[in-house]
Amino acid sequence: MCSSDLKLETKNDEPIKRVAPQYMSKKIEASKNDKQKTQTHKLLRGDVLKLQNGLKGFDVELGLRYCMNDATFYKDMLKTYAENEKVGELLTYLQMENWNGFQLALHSVRNTSQTIGAMDIAREAKNLELAFKKGDLNYVKSNARTFVDKYQKTISVIKDYHEEV
């Protein structure tokens, strides 16, 4: 852009830059491209319904919000959740009655479950954590195995969903 393409005027003693028309069209086109990119990342209602149908029992909309409403990112999170499952770890701690280890793994499961919208598992994990805090080991012992079974089913739902996609 040469100096003849810019005209300087003043308004209230401040210079105003004027851009020559040939340069304006480039800015407008760049703005249109940015708008198109944004629209391709918008989540369509059909995408949400497809996820909800495949992931029964999940709060898909909450999971998507945690994933910035990006369906691809959400699917990656689901895959990571299933790949990094802690069933074996929880069962080992349960069998050994290593309550500190069980509680740490449980806390991790609770947080990651909430992130993907697996709210039933997140709630049950929270109930077990609260029982730990209250010192109610009887509640933990009587509900931990059921929790692990439900957690395992949640992982199966995710794996089955990924096989369908």
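To begin with, in what order do the elements of the protein run from the N terminus on? After that, please look closely at α6: how do α4 and α6 pack, and how do α6 and α7 pack?

Reply: Happy to. This is a predicted model, in which local features need pLDDT of at least 70 and side-chain atom pairs count only at pLDDT 80 or more, while totals for chains, interfaces and linings use all residues. Residues are numbered from 1 along each chain as its sequence is written, and side-chain values use heavy atoms, with hydrogens and water left out.

From the N terminus on, the order is β-β-α-α-α-α-α-α-α-α. That gives eight helices and two strands, where helices (H or I, at least four residues) and strands (E, at least two) are DSSP runs numbered from the N terminus. Of the 165 residues in the protein, 28% are buried, meaning under 20% relative accessible area with a 1.4 Å probe, counting protein chains only.

Now to α6, which spans residues 99-116. Helix α4 (residues 71-83) packs with α6 at an angle of about 150°, their axes 10 Å apart. Here axes are lines fitted to C-alpha atoms, for helices over the stretch in contact, and angles run from 0 to 180 degrees between N-to-C directions. The two helices are therefore roughly antiparallel, the term for angles over 145 degrees. On the α4 side, the contact (heavy atoms within 4.5 Å) is made by Tyr74, Met77, Leu78 and Tyr81, and on the α6 side by Val109, Thr112, Ser113, Thr115 and Ile116. By class, this contact has six nonpolar, three polar and no charged residues; Ala, Val, Leu, Ile, Met, Phe, Trp, Tyr, Cys and Pro count as nonpolar, Asp, Glu, Lys and Arg as charged, and the others, Gly among them, as polar.

Helix α7 (residues 119-134) also packs with α6 at an angle of about 150°, with the axes 8 Å apart. That makes α6 roughly antiparallel to α7. Among the residues making this contact are Trp99, Phe102, Val109 and Ser113 of α6, along with Ile121, Ala125 and Phe132 of α7. The contact of α6 with α7 divides into 10 nonpolar, four polar and three charged residues.

Thr154 counts as buried, at 11% relative accessibility. Leaving aside neighbours within four places in sequence, Thr154 is in contact with Phe58, Tyr81, Ala118 and Ile121. Tyr81 belongs to the α4 contact with α6, and Ile121 to the α7 contact with α6.

Note on methods. Parallel < 35°, antiparallel > 145°, perpendicular 65-115°, else oblique. Buried < 20%, exposed > 50% of the residue type's maximum accessible area, 1.4 Å probe, protein only.
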